[in-house]
Amino acid sequence: MTAVMDKMLENGIALAERVRDIKVSFIVRISEDAAARKKAGEDIISLGTGEPDFDTPDFAKAAAKAAIDRGETKYTANSGTAELKTAIVAEYARKGMAIETGNVIASAGAKQVLFNAFMATLDPGDEVIIPAPYWTSYVDIVTICGGVPVVVTTRGDNGFVLSPEQLERAITPRTRWVLINSPSNPSGAAYDGDQMRALLPVLQRRPGVGLMSDEIYEHLVYDDFKFVSALEALPELSGRILVINGVSKAYAMTGWRLGYGIGPKVLISAMSVVQGQATSAPSSISQAAAVGALTGPRDILAERRDDFMRRRDLIVSGLNAIDGIACANPRGAFYVFPDCSGLLGRTTPDGERIGTDMELCQYYLRAAGVAVVPGTVFGAPGHFRISYAYAQSALEKGLDRIAVASAALV
Ligand SMILES: Cc1ncc(COP(=O)(O)O)c(C=O)c1O
């Protein structure tokens, strides 16, 4: 319960059950704590936020400016403009997937696509299988929509990928969706084609279960890993797959709020009904900017990916040089998710025992001025998440400080 919620209750405003259990994200809390320390004059390195440090490409900005000048400042069609849907259809055709504009909805960020989908499909008590480590918002969005998150813990030594056996065990008559995220926030793990196809027999036996696939980090994959969309890997299930995507991460357009969903027409129509009573269409200008992004030069994607990969290599090797930390080399996204269980149980120079990843992250912030996010908030205790979408100098400084603070633990 937040302070704001407490205040509301004091003033006699009752809160709905669906929000009572939603806590302010620890990511927000740690970012606020870091910001307050910075304001107070402390030298803080924040490696907490999942936002690319690049600027929105000029060609996307130019498309937005041109839309303003043409007077495209009115409501658009509720599920998105024909131009944007056509650009998304062309993007998927380029990748070898045949979809139609009726399969597409554009929303105010990928987050709203998720929200629309769960509002449109979950009755109270319906279950959504969420493999951990997971992006924290999944659990909260499902809960707000009246669903029950069913968390399944995946193993680091299995690449944090959901196995068919785990999926089989988690499914009940109330299961409506399994939600996978590849590449993943927070682990950077990604499913290859075989790992995705391994889920097929289980899902074929359970015709009432949909597959939601959050592919927002698809362009950020490294080495020779080949990203595969659920639609591509599991064409047999296309009637019950919803792909979540958007321009926020690949094109550094987080503030424009533009995501999209690709799914069966009847689901897209139902999501459009929800959206129509929530926000109506996303901003007309952001939609034009997204058309500019999706139809613009593509070399920028590879350039930015290569830049992120250099930072990943720096951070993975730096972390693995620290006694007590083991960091897998992620296949994608811009996060690393090291196992810090080797440091737990040790004691700080002030005599405080560090028993959990939460305490370790608080210690890093207090003693080293580095903000990172504990794995517990992603459903995976014993880890922490670093976002490496920061300048190389900040990453180097942050790594040095984590190394010094970790070495001081005995
Ligand atoms: C896995 C994942 N999905 C979706 C989103 C949200 O994207 P958007 O900003 O487009 O709502 C994020 C943002 O952090 C994310 O990490």
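Strand 6, spanning residues 210–214, is mostly covered, with five of its five residues buried in this predicted model. The side chains of the strand are divided between two directions, in that G210, M212 and D214 point one way whereas L211 and S213 point the other way, and residues in both groups are buried. Strand 6 is paired in the parallel sense with strand 5 (residues 175–181), and this pairing runs over five bridges. A parallel pairing also joins strand 6 to strand 7 (residues 241–246), in this case over four bridges. M212 takes part in both pairings, being the bridge partner of L179 on the one hand and of L242 in strand 7 on the other; M212 is also among the buried residues that point the same way from strand 6 as G210 and D214.

A separate description applies to the open sheet of three strands, which has the order 9-12-11 and antiparallel pairing. Strand 9 (335–336) and strand 11 (373–374) stand at the edges of this sheet, and each has a single partner strand, so that one side of each is left without a neighbour in the sheet. The pairing of strand 9 with strand 12 (residues 384–387) is antiparallel and extends over two bridges, and within it V336 has I386 of strand 12 as its bridge partner.

Among the helices, helix 13 (residues 284–295) comprises twelve residues and reaches 17 Å from its first C-alpha to its last, a span close to the 16 Å expected at 1.5 Å a residue. Nine of the twelve residues of helix 13 are buried, and the helix is therefore largely enclosed by the rest of the structure. The buried positions are S286, Q287, A288, A289, A290, V291, G292, A293 and L294.

The ligand is surrounded by 13 residues, of which the closest are G109, A110, K111, N185 and S248. By residue class, the shell around the ligand consists of eight polar, three nonpolar and two charged residues.

How values were computed:
Residues are numbered from 1 along each chain as its sequence is written. This is a predicted model: local features need pLDDT of at least 70, side-chain atom pairs count only at pLDDT 80 or more; totals for chains, interfaces and linings use all residues. The expected span of a helix is 1.5 Å times one less than its number of residues. A residue is buried if 20 or more other C-beta atoms lie within 10 Å of its own, exposed if 12 or fewer, and partly exposed in between; C-beta atoms are placed from the backbone. A residue is near a molecule or strand if its C-beta atom, placed from the backbone, lies within 6 Å of it. Ala, Val, Leu, Ile, Met, Phe, Trp, Tyr, Cys and Pro count as nonpolar, Asp, Glu, Lys and Arg as charged, and the others, Gly among them, as polar. Two strands pair if DSSP finds at least two bridges between them.
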